[in-house]
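Me: I would like to go through some of the labels attached to this model and ask, for each, what grounds it rests on.

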Amino acid sequence: MNPLILIPARMSATRLPGKPLADIGGKPMIVRAWEQAVESGLPVAVAAGDAEIVSAIEAAGGRAVLTDPDLPSGSDRIRAALDAIDPDGAHDSVINLQGDMPFADPGLA
């Protein structure tokens, strides 16, 4: 198996705009979610709908792909990021980890 964790995130959430960059203990929520995913030992990238999210992840040492902000869903964002990261289909499975899960258990991956 060759899995990949992708975390979709966008700034224009209807219930809490800017949620990915909400501060949790001095770090943006999306960075916390990314850190938890990295702890799994699997490759991780963020499928970001906004440049601010890409900047936050890259500043933390991670990988993020800027996707079209008008994509209708996180699943569409993941597909766009997967096409950019893995155009040859080397990864045989994708784990969709929500960006608002900053305390996800890395052992579940």
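Me: Why is Thr 67 called buried?

Reply: In this predicted model, Thr 67 has a relative accessible area of 5%, and because buried means under 20%, the residue falls in that class. Thr 67 lies in the loop between β5 (64-66) and α3 (74-85), and, leaving out residues up to four places away in sequence, it touches Ala 47, Ala 48, Gly 49, Arg 77, Ala 80 and Ala 81.

Me: What makes the pairing of the Thr 67 and Arg 77 side chains a polar contact?

Reply: The two side chains are joined at 2.9 Å, and the cut-off for such a pair of N or O atoms is within 3.5 Å, so the term applies to Thr 67 and Arg 77.

Me: How do you know that Lys 19 and Asp 100 form a salt bridge?

Reply: Their N to O distance is 3.0 Å, and since a salt bridge requires a side-chain nitrogen of Lys or Arg within 4 Å of a carboxyl oxygen of Asp or Glu, the pair qualifies.

Me: Why is Arg 79 counted as partly exposed?

Reply: Arg 79 has 48% relative accessibility, and because exposed means over 50% and buried under 20%, Arg 79 belongs to the class in between. Its salt-bridge partner Asp 83, with closest N and O atoms 2.7 Å apart, is likewise partly exposed, at 40%.

Technical notes:
Residues numbered from 1 in each chain as written. Predicted model: local features only at pLDDT ≥ 70, side-chain atom pairs only at ≥ 80, totals over all residues. Heavy atoms only, no water. Helix = DSSP H or I, 4+ residues; strand = E, 2+ residues; numbered from the N terminus. Buried < 20%, exposed > 50% of the residue type's maximum accessible area, 1.4 Å probe, protein only. Contact = heavy atoms within 4.5 Å. Polar contact = N/O pair within 3.5 Å; in protein donor to acceptor, adjacent residues only side chain to side chain.
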